[in-house]
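This report describes a single protein chain for a reader who has its sequence and coordinates at hand. Please consult the model alongside the text.

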Amino acid sequence: MWNQGHSQSTGGITSHNAVMSKKATLQMLPCTVSQLLSASQVSNNDFEICDWKLNQVSVVGIIRGYSPFVTNIQYSVDDMTGPPLNVKQWVNAEDCALMTFASPGTYVKVTGTLHSFSGQRSLLALNIRCIKDLNEITSHMLEVVQAHMQFFGKGVRCEHEYYSGLTV
């Protein structure tokens, strides 16, 4: 995970200073919706925050709405740091019988990858889990602050912004 130093043998984190010619990649980064919406898009579905390529991210928020389709379910997840984020979860016939749909007003933790469809960013969910203990919301926000201060430092200058650890 992100909190175990700058280099891991399991491939979790690549050191920011390891090789200057290669971009560093974070395997899992706790984020806010506003951070995902303001991340730099470097190619079709590659996003970066301060030269760190995003792989998987996690967000915690409340479901504001959902639309079930035959092949996917689209959620609108709001963590109150910006406009709600579109989250898409692909399903198949086998999964559909086992799945429980998160209804509006439910707090969830979403783990997935950030993508752009027709110029609109959305999170492709690998996992959506309902939050039963509201302390998880506070814990997630503390993880966001810790991760961003650990990797991006205090007052690190990013390409076109001043990044002080937590952008809301």
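The sections below cover the basis of the model, the fold, the strand pairing, the core and selected side chains.

## Basis of the model

The model is predicted, so local features are reported only at pLDDT of at least 70 and side-chain atom pairs only at pLDDT 80 or more, whereas totals for chains, interfaces and linings use all residues. Residues are numbered from 1 along each chain as its sequence is written, and side-chain values use heavy atoms, with hydrogens and water left out.

## Overall fold

The chain has three helices and ten strands. Helices (H or I, at least four residues) and strands (E, at least two) are taken as DSSP runs and numbered from the N terminus. Along the sequence, these elements follow the pattern β-α-β-β-β-β-β-α-β-β-α-β-β.

Of the 168 residues, 42% count as buried. Buried here means under 20% relative accessible area, exposed means over 50%, and partly exposed lies in between, for a 1.4 Å probe and protein chains only. A contact is defined by heavy atoms within 4.5 Å. Among the contacts with a separation of 6 or more, residues 24 or more positions apart account for 57%.

Two strands are taken to pair if DSSP finds at least two bridges between them. Strand S4 (residues 52–68) and strand S5 (residues 72–78) run antiparallel and are joined by six bridges. They form a hairpin with three residues between them. Within this pairing, Gly65 has Ser76 of S5 as its bridge partner. Five of the seven residues of S5 are buried, which leaves this strand mostly covered.

S5 also pairs with strand S6 (residues 85–90), in the antiparallel sense and over six bridges. Ile73 stands opposite Gln89 of S6, and Asn72 has Trp90 of S6 as its bridge partner. The hairpin of S5 and S6 has six residues between the strands, and Met80 there takes a positive phi near 65 degrees. S6 is likewise mostly covered, with five of its six residues buried. Three bridges join S6 to S8, and these two strands run parallel. In that pairing, Val87 stands opposite Leu123 of S8.

## The nonpolar core

A nonpolar core is a set of buried Ala, Val, Leu, Ile, Met, Phe, Trp, Tyr and Cys residues joined through side-chain atoms within 4.5 Å. The largest one has 29 residues, and those with the most contacts inside it are Leu36, Leu54, Tyr75, Val87 and Val110. Two or more residues each come from helix H1 (33–38), strand S3 (46–49), S4, S5, S6, strand S7 (107–117), strand S8 (120–130) and helix H3 (135–152). S4 gives the most, with five residues. In soluble globular proteins, nonpolar side chains tend to be buried together.

The contacts of Leu36, not counting residues up to four places away in sequence, are Cys31, Leu54, Val57, Val59, Leu85, Leu114 and Arg121.

## Cysteines and Val144

Cys31 is buried, with a relative accessible area of 0%. Val144, in helix H3, is also buried, at a relative accessible area of 0%. The C-alpha atoms of Val144 and Cys31 are separated by 5.5 Å, although these residues are 113 residues apart along the chain. Cys130 counts as partly exposed, at 31% relative accessibility. With a disulfide defined as a pair of cysteine sulfur atoms within 2.5 Å, the count comes to zero.

Ser116 is located in strand S7 and counts as buried at 14% relative accessibility. Not counting residues up to four places away in sequence, Ser116 touches Gln41, Asn44, Asn45, Phe47 and Arg121.

A charge is said to sit over a ring if NZ of Lys or CZ of Arg is within 6 Å of the ring centre and within 35 degrees of the ring normal. The charged end of Lys88 sits over the ring of Phe117, 4.8 Å from its centre.
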